[in-house]
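Please keep the structure in view while going through the numbered points.

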Amino acid sequence: MKASDRAYEQLRTDIIEWRLGPGTTLSEVEQAERLGFSRTPVREAFSRLMAEGLVEPGRGRGVVVSPVSVDKVRAMFELRVALDSQAAALAALKGQPKTFENLAHRLDDAVLNLSEDDADRSGYYALIEEMDASIDEAAQNSYLAVAQRQLRVHLGRVRKLSKDDDRRLVRAAHEHADIARAIASGDVELAQAATRIHLSHALQAILNAVPKTDGEQAYAA
């Protein structure tokens with residue numbers, strides 16, 4: 001892997017995991033020293049991150065980690081509802097029922113595991129990634145898959161806002177299991193409805209955790 005690719009992957013992960021929070025200024029010199037690269041790979045990584053919308057132009061040669069706001073989260077979910085609902089519908093039409101029946105059973109098991117005090121969440125998150133990949137594959141639409149991948153970069157970051165809500169995590173596992181069962185049944189409308197219900201709850205959980213500006217607080221009131 002090229003140095004610029006490694007720099008990009010590390011910076012992207014740090015932003016998504018909130019090790020580099022919104023509003024953080026990133027300079028080429030500081031990040032090159034931190035990551036152990038020359039400035040050129042870091043500059044190339046900044047360009048890729050800017051194209052994805054994870055950073056914005058800053059003063060001088062640096063960039064600033066893009067803010068997360070209520071308006072941005074709502075905009076993300078407006079697109080996510082359209083994409084995920086269509087993907088679920090196509091998966092219900094084209095997918096292998098056994099694949100999604102298996103996912104539903106494993107998600108049911110995940111619900112039990114997540115209810116324990118010392119629950120290992122990494123297995124659950126890996127299972128959700130597997131389900132996303134299974135839906136992408138079943139939908140058989142490369143254009144939809146590309147759009148999904150681009151959006152998931154940003155969704156991965158905002159999801160971290162509600163990661164400490166244990167009750168929401170258990171509820172989300174139930175909802176994912178419902179989506180998997182609906183897809184397995186081949187019922188397009190049920191798959192879309194289950195997806196929309198999950199996304200409505202996910203959006204509200206994230207909005208509750210997003211730091212609001214004064215204007216957004218007044219709007220919410």
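**Notes on the model**

1. Helix α1 (residues 3-16) consists of 14 residues and spans 20 Å from its first C-alpha to its last, close to the 20 Å expected at 1.5 Å a residue. The expected span is 1.5 Å times one less than the number of residues in the helix. Helices (H or I, at least four residues) and strands (E, at least two) are DSSP runs, numbered from the N terminus.

2. The model is predicted: local features need pLDDT of at least 70, side-chain atom pairs count only at pLDDT 80 or more, and totals for chains, interfaces and linings use all residues. Residues are numbered from 1 along each chain as its sequence is written, and side-chain values use heavy atoms, with hydrogens and water left out.

3. Which residues of α1 are buried? They are S4, A7, Y8, L11, D14, I15 and I16. Buried means under 20% relative accessible area, exposed means over 50%, and partly exposed lies in between (1.4 Å probe, protein chains only). The buried residues of α1 pack against the helices α2 (28-35), α3 (39-52) and α7, and against the strands β2 (55-57) and β3 (63-65). Contact here means heavy atoms within 4.5 Å.

4. After α1 comes W18, whose phi is positive, near 70°. W18 is a residue other than glycine, and its place is in the loop between α1 and β1 (25-26). With 27% relative accessibility, W18 counts as partly exposed. As background, most residues other than glycine have a negative phi. A positive phi, near 55°, is also found at Q140, in the loop between α6 and α7. Q140 is exposed, its relative accessible area being 55%.

5. The loop between α1 and β1 also holds T24, which is partly exposed at a relative accessible area of 27%. Not counting residues up to four places away in sequence, T24 touches V63, V64 and V65. The C-alpha atoms of T24 and P67 are separated by 9.1 Å, although the two residues are 43 residues apart along the chain.

6. V63 belongs to strand β3. Is this residue buried or exposed? V63 is buried, with a relative accessible area of 2%. Neighbours within four places in sequence aside, V63 is in contact with T24, T25, L26, F46, M50, V55, E56, P57 and G58. V63 and A126 are 63 residues apart along the chain, and their C-alpha atoms are separated by 31 Å.

7. Helix α7 (residues 142-159) contains Q148, a buried residue with a relative accessible area of 2%. What does Q148 touch, not counting residues up to four places away in sequence? The residues are L83, D84, A87 and D136.

8. H198 is located in helix α9 and is buried, with a relative accessible area of 6%. Residues up to four places away in sequence not being counted, H198 touches R80, R168, A172, E175, H176 and I179. From C-alpha to C-alpha, H198 and A147 are 20 Å apart in space, and they are 51 residues apart in sequence.

9. The structure holds one aromatic pair. The rings of Y124 and Y125 have centres 5.7 Å apart and planes at 55°, so the pair is tilted. Rings of Phe, Tyr and Trp (its six-membered ring) pair if their centres lie within 6.5 Å; planes under 30 degrees apart count as stacked, over 60 as edge-to-face and the rest as tilted. Y124 is buried at a relative accessible area of 5%, whereas Y125 is partly exposed at 34%.

10. The largest pocket has a volume of about 1000 Å³. Of the 39 residues that line the largest pocket, I128, E129, D132, G156 and R159 are the closest to its centre. Elements giving two or more residues to this lining are α1, α4 (70-94), α6 (121-139), α7, α8 (166-185) and α9 (188-209). On a 1 Å grid over the protein atoms alone, a pocket is an open set of points where a 1.4 Å probe fits, with protein on both sides within 12 Å along at least five of seven lines; lining residues have an atom within 4 Å of a point. Grid points are joined across faces, edges and corners, and the volume is the space filled by probe spheres set on the points.

11. How do the residues of the lining of the largest pocket divide? There are 19 nonpolar, six polar and 14 charged residues. Ala, Val, Leu, Ile, Met, Phe, Trp, Tyr, Cys and Pro count as nonpolar, Asp, Glu, Lys and Arg as charged, and the others, Gly among them, as polar.
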